[in-house]
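The following exercises are to be worked with the sequence and the model at hand. Each task is followed by a solution in steps.

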Amino acid sequence: MAEIKPFRALHYESQVAGDLKKLVTQPYDKITPEMQAGYYAASPYNLARIIRRRIDPAEPDPYAAAAREFRGWIERGVLAPDDAPALYPYDQEYFVPGQPGIRKRRRGFVGLCRLEDYSARVVYRHEETLSGPKADRLALLRATRAHFGQIFFLYSDPEGVVERELAGATRQPAPWESVEDEYGTRHEVWRLTEGGAVARIENAMRERKLVIADGHHRYETALAYRNSQRAEGKAGASDYVMATFVRMESDGLVILPTHRVVHGLEGFEWRKFLSAAKAFFEVRELALQPNGARQLRAELDQAGASGPAFVACAGPDRAAVLKLQDNAADSSLADARPGLRRLDVFVLHRLLLERVLGIDRDAVREEKNLDYEREMDRAVRAVLEGKAQICFLLNPTPIEAVRDNALAGQVMPQKSTDFYPKLLSGLTIFDLEP
C-alpha cells in the first residue's frame, strides 16, 4: 500500500535569499564542474553549495561543512518552513530536445512517500544503481538530515483521478513558486492544503504501484538511512522520502537516451571489436561525414526502427551501425527474461560491453570503464578528442518497457533512461529535524 502524505516544505524565502533562479539547481548527478562553478557564482545561497559542494582543503569533512551551512541558512531565514502541511502540484513546461517547436507540459505533485523495501511490491525500480553515488548521498543525508531532491515516481491512473484533484489548486491566480531553468523549462509549484482534496489524493494513491523513474540512488540511500535509524531505536521522519508523483499516461512524459562512452580498455582495436561483434550483430561500416552527429543520429533512427540497433564510433574513420541478428536475442540471451531480450540498453550491456569488450557488471557498477552522456554530440566528441576509445549511441527506452519490466521485477542496466526534463532541486526541501 502506497502511503502518501502532505508536509511542511522548507523553501527559499525570496525576501532574504533573492531570485529563485539563482538558488535552485538541476539534480546533483547532472551538475557538471562547469555548472557547479556557475551555480556558486550565482548566489551565496545556491543549493549546489549543499548538494554538490566544492572540495576545499580547509574543510576535512565537506558533508559536515554542508550541514553547517544548511542549518545556518535556516537560522538566518534564507530557508523557511511552509505555514501548513501541503501537497504541492508541480508543472513543467518545456521544449522537447531535438524536436524544434514542440512544447509539452508535465504535471505531477510533490509529497512525502513512506519508504518501502522493494520486496513489499509497492515501490518498483527499473534499473541498477552505482555504488559511488549511493555512498556520497548517504554521507550527505547523515550530515544534513534533509532531502533536497525529489524521487521521481510514476503511477498509473488512466482515468486521471488524481490530476483532476490537482487542477483545483492550479487555478489559483499565480503559482506559489515559478522559475525558468537554464534549459528553458518553466517550473511552477502550487500549494494544496484543502483537507478534503488532500484526503482524496491520499486515498486514490493508496492502491497505486510506484515505479521509480529517476532517483534510484537517492531512494536506496533513504532506505539505508531509515534502516540505520531503526537500528538505533529511532523512527519517524526518516521513514519517509520526498517525491514527485507523475501519471504514467501523461503525454508530457519524455525519455531521452543515455549514450555510453568507453575508456581505459587494454588492447582495444577497432577491427578486433568489429570481428567479435559480428557473432551477434549485422555490421555496416560508415564513413563519418562533416556533420557527424547528425549523420549518426539519422542512421540510428533508421536502424532502430525494427529492433535493437546501435551506432559505434571509435574515430573519424571508424564508425559502424550494429543491428542485432534475428535469432541472436533468443540464442545468446536465453538466460534473460523475454521482456529484456530485445531491449536496446540490455542488449548493449550483455552482448557488446560484457561479451565483446569484457567489461563485467562489477566494473560497470563501479564506473571503471564507462561514462554516460545525454548529448550525442558530446559522446562523439569524447572519442574524436581522444578522451575515449569508443562510444555507443542508443535510441531511447520506451515508457512501456520501463513500466512492464519494472512491474515484472526485471531490472535494466544503470542509466537505461533519461526522463526529461529533470525535477529541480531546491523548490521544496524535506527537513528531517523535529
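**Exercise 1. Determine which side chains make polar contacts with the side chain of Asp-82, and whether Asp-82 is buried or exposed.**

Step 1. The side chain of Asp-82 makes a polar contact with that of Tyr-88 at 2.7 Å. A polar contact is a pair of N or O atoms within 3.5 Å; within protein, one must be able to donate a hydrogen and the other to accept it, and residues adjacent in sequence count only if both atoms are side-chain atoms. The side chain of Arg-191 is also in polar contact with the side chain of Asp-82, at 2.8 Å.

Step 2. This is a predicted model, in which local features need pLDDT of at least 70 and side-chain atom pairs count only at pLDDT 80 or more, while totals for chains, interfaces and linings use all residues. Residues are numbered from 1 along each chain as its sequence is written, and side-chain values use heavy atoms, with hydrogens and water left out.

Step 3. Asp-82 is located in the loop between strand 3 (79–81) and strand 4 (88–95). Helices (H or I, at least four residues) and strands (E, at least two) are DSSP runs, numbered from the N terminus.

Step 4. Asp-82 counts as buried because its relative accessibility is 3%. Buried means under 20% relative accessible area, exposed over 50%, and partly exposed in between (1.4 Å probe, protein chains only).

Step 5. Leaving aside residues up to four places away in sequence, Asp-82 touches Arg-8, Ala-9, His-11, Tyr-88, Trp-176 and Arg-191. Contact means heavy atoms within 4.5 Å.

**Exercise 2. Describe how helix 5 packs with helix 8.**

Step 1. Two packed helices are described by the angle between their axes and the distance between the axes. For helix 5 (residues 131–144) and helix 8 (residues 216–231), the angle is about 50° and the axes are 9 Å apart. Axes are lines fitted to C-alpha atoms, for helices over the stretch in contact, and angles run from 0 to 180 degrees between N-to-C directions.

Step 2. Helix 5 and helix 8 are therefore oblique to each other. Angles under 35 degrees count as roughly parallel, over 145 as roughly antiparallel, 65 to 115 as roughly perpendicular and the rest as oblique.

Step 3. Helix 5 and helix 8 cross in a right-handed sense. A crossing is right-handed if the near helix is turned clockwise from the far one by less than a right angle, and left-handed if anticlockwise.

Step 4. Helix 5 contributes Pro-133, Lys-134, Arg-137, Leu-138, Leu-141 and Arg-142 to the contact, and the residues from helix 8 include His-217, Glu-220, Tyr-225 and Ser-228. By class, the contact of helix 5 with helix 8 has six nonpolar, three polar and five charged residues. Ala, Val, Leu, Ile, Met, Phe, Trp, Tyr, Cys and Pro count as nonpolar, Asp, Glu, Lys and Arg as charged, and the others, Gly among them, as polar.

**Exercise 3. Locate Gln-414 and Lys-415, and state what the side chain of Gln-414 reaches.**

Step 1. Gln-414 lies in the loop between helix 16 (399–407) and strand 20 (418–420). Lys-415 is found in that loop between helix 16 and strand 20 as well.

Step 2. Gln-414 counts as buried because its relative accessibility is 6%. At 18% relative accessibility, Lys-415 also counts as buried.

Step 3. The side chain of Gln-414 reaches the backbone oxygen of Thr-129 at 3.3 Å. Among the residues that Gln-414 touches are Glu-127, Arg-260, His-349 and Tyr-372.

Step 4. Most residues other than glycine have a negative phi, and most peptide bonds are trans. Lys-415, although not a glycine, has a positive phi of about 55°.

**Exercise 4. State which residues a cis peptide bond joins.**

Step 1. The cis peptide bond joins Tyr-420 and Pro-421, with omega about -5°.

Step 2. Pro-421 lies in the loop between strand 20 and strand 21 (430–431).
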